[in-house]
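Dear colleague,

I am handing over the structure below, and my notes on what was found in it follow. Please read them with the model open beside you.

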Amino acid sequence: MVRNVAGVMTELEPEDFYLLSGVEQGMRFSEWVNRGKLPQLSGLSPEEVNYRLDRCATRELIERKTIQYEGYTLTAEGYDALALRTFSKRETVDGVGAPLGVGKESDVLEVKSYKPLALKFHREGYTNFREVMRERDYTAENDHVSWLYTARKAAEREYEALEALYPDVSVPQPIDQNRHGIVMSKFEAVELNRAQLPQQQAIGVLELILTEMQRAYDNGYVHADMSEYNVAVSENGVTVFDWPQAVSTDHENAHERLCRDISNLLTYFERKYPNATDRIDAESDAVRIANSIAAGQFESVDNIS
Ligand SMILES: Nc1ncnc2c1ncn2[C@@H]1O[C@H](COP(=O)(O)OP(=O)(O)OP(=O)(O)O)[C@@H](O)[C@H]1O
Ligand SMILES: [Mg+2]
């Protein structure tokens, strides 16, 4: 997990954000932004830039590297700080709390607002970028690996899906989006992989999830990363989350993804609840259920033709 930036937020002054935002703008053209360009990019005087560079580097919001010139780049924490600043100005976030989860490509934190919410920072591209940076010597100014762009696109795609699906589908309520961050309602449920359902409830829960997939399909989306890790269950029902890779039902691979999503779920239920699922055959039923969802007709695992 990337270090939680909450601790330094209160120490930062408006000019620190001008500097960070200047580095961010320079990164559209080059991973390492030339120090000489920063006064113009940030609107700060050269002396002020020097002072702010030190403050931000000490707090690990930026990194420095001398190549053919002295260059600066945002760290993940620096990008987090910029997004948090925006959320706080828009009054969607009042403060940052404890981590709620660490995914393969995200950090999810609890945030304070009019009620506790969840903030997901996308990290797509960032981990790769760190590896590439270690292995390669950056020399060319335009040799540019844009994790900022990749992570922001993932957040935008996920937010778009949540907006299209909520409230018809049981997904977190989308509240706000900026850069690589999404603010959404926080669920209290436990992930399916950590839940131990009574055998007699297993099929019922599976059908609840498939019903949400039917509703998502009716609203134009296939999840495309469905698994026991991206569904949460509670007494109140199921929540399907983690939507950045969702595809439109018009997409040429939509049906294949739908079959794979359903097959993942059925395989999981078969393995974990063998006694409850003996009437299911993951392989053949996945296709039949996918066809019934695509036809808008899914009702129960027994009633599919
Ligand atoms: N809205 C939310 N409310 C509460 N907890 C959440 C919320 N969204 C995500 N989480 C927690 O954070 C974890 C990671 O979230 P999510 O699956 O969206 O991220 P990810 O990085 O895409 O995961 P993956 O490893 O599947 O790629 C979840 O397993 C869950 O524990
Ligand atoms: Mg996930």
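**Val183 and the core**

Leaving aside the neighbours within four places in sequence, Val183 is in contact with Phe87, Thr92, Val93, Val111, Leu117, Leu119, Ile175 and Asp176. Please keep in mind that this is a predicted model. Val183 also belongs to the largest nonpolar core, which has 85 residues, and is one of those that touch the most other members, together with Leu20, Val23, Leu119, Ile209, Ile262 and Leu265. The element that gives the most residues to this core is helix H7, with nine.

**The chain as a whole**

For orientation, the chain holds 10 helices and 13 strands, and its C-alpha trace spans about 70 × 40 × 30 Å along the principal axes. Of its 305 residues, 40% count as buried. Among the contacts with a separation of 6 or more, 63% are accounted for by residues 24 or more positions apart.

Helix H2 covers residues 14-26, and its 13 residues reach 19 Å from the first C-alpha to the last, which is close to the 18 Å expected at 1.5 Å a residue. The buried residues of H2 are Asp16, Phe17, Leu19, Leu20, Gly22, Val23, Glu24 and Gly26, and two of them, Leu20 and Val23, are named above among the core residues that touch the most other members. What do the buried residues of H2 pack against? Their partners are strand E1 (33-34), helix H3 (38-42), helix H4 (46-58), strand E2 (62-66), strand E3 (70-74) and helix H5 (76-89).

From H2 the contact is made by Phe17, Leu20, Ser21 and Glu24, and from H5 by Gly78, Ala81, Leu82 and Arg85. Sorted by class, this contact has four nonpolar, two polar and two charged residues.

H5 itself has 14 residues, which should span 20 Å at 1.5 Å a residue, and because its end C-alpha atoms are 20 Å apart, the two values agree. Its buried residues are Ala76, Gly78, Tyr79, Asp80, Ala81, Leu82, Ala83, Leu84 and Phe87, and Phe87 is also one of the contacts of Val183. Just after H5, Glu91 takes a positive phi of about 65°.

**Leu162 in H7**

Helix H7, the main contributor to the core, runs over residues 147-165 and includes Leu162. Is Leu162 buried or exposed? Leu162 is buried, because 23 other C-beta atoms lie within 10 Å, and the cut-off for a buried residue is 20 or more. Apart from neighbours within four places in sequence, Leu162 is in contact with Val171, Pro172, Pro174, Met184 and Trp243. Leu162 and Leu20 are 142 residues apart in sequence, and their C-alpha atoms are 29 Å apart in space.

**Arg64 in E2**

Strand E2, one of the partners of H2, contains Arg64. Arg64 is partly exposed, because it has 14 other C-beta atoms within 10 Å. Not counting residues up to four places away in sequence, Arg64 touches Ala57, Glu70 and Tyr72. Between Arg64 and Leu148 there are 84 residues in sequence and 17 Å in space, C-alpha to C-alpha.

**Backbone points to check**

Most residues other than glycine have a negative phi, and most peptide bonds are trans. Against that background, a few places deserve a look.

- Tyr166 and Pro167 are joined by a cis peptide bond, with omega about 0°, and Pro167 lies in the loop between H7 and strand E7 (174-178).
- Arg179, which is not a glycine, has a positive phi near 50° and is found in the loop between E7 and strand E8 (181-185). Arg179 counts as buried, because it has 20 C-beta neighbours inside 10 Å.
- Ala224, likewise not a glycine, has a positive phi of about 75° and is found in the loop between strand E10 (221-222) and strand E11 (231-234). Ala224 is partly exposed, because 19 other C-beta atoms lie within 10 Å.

With best wishes

Technical notes: Residues are numbered from 1 along each chain as its sequence is written. Chains are lettered from A and ligands numbered from 1 in the order in which they are written. This is a predicted model: local features need pLDDT of at least 70, side-chain atom pairs count only at pLDDT 80 or more; totals for chains, interfaces and linings use all residues. Helices (H or I, at least four residues) and strands (E, at least two) are DSSP runs, numbered from the N terminus. The expected span of a helix is 1.5 Å times one less than its number of residues. A residue is buried if 20 or more other C-beta atoms lie within 10 Å of its own, exposed if 12 or fewer, and partly exposed in between; C-beta atoms are placed from the backbone. Two residues are in contact if their C-beta atoms, placed from the backbone, lie within 7 Å. Ala, Val, Leu, Ile, Met, Phe, Trp, Tyr, Cys and Pro count as nonpolar, Asp, Glu, Lys and Arg as charged, and the others, Gly among them, as polar. A nonpolar core is a set of buried Ala, Val, Leu, Ile, Met, Phe, Trp, Tyr and Cys residues joined through C-beta atoms within 7 Å.
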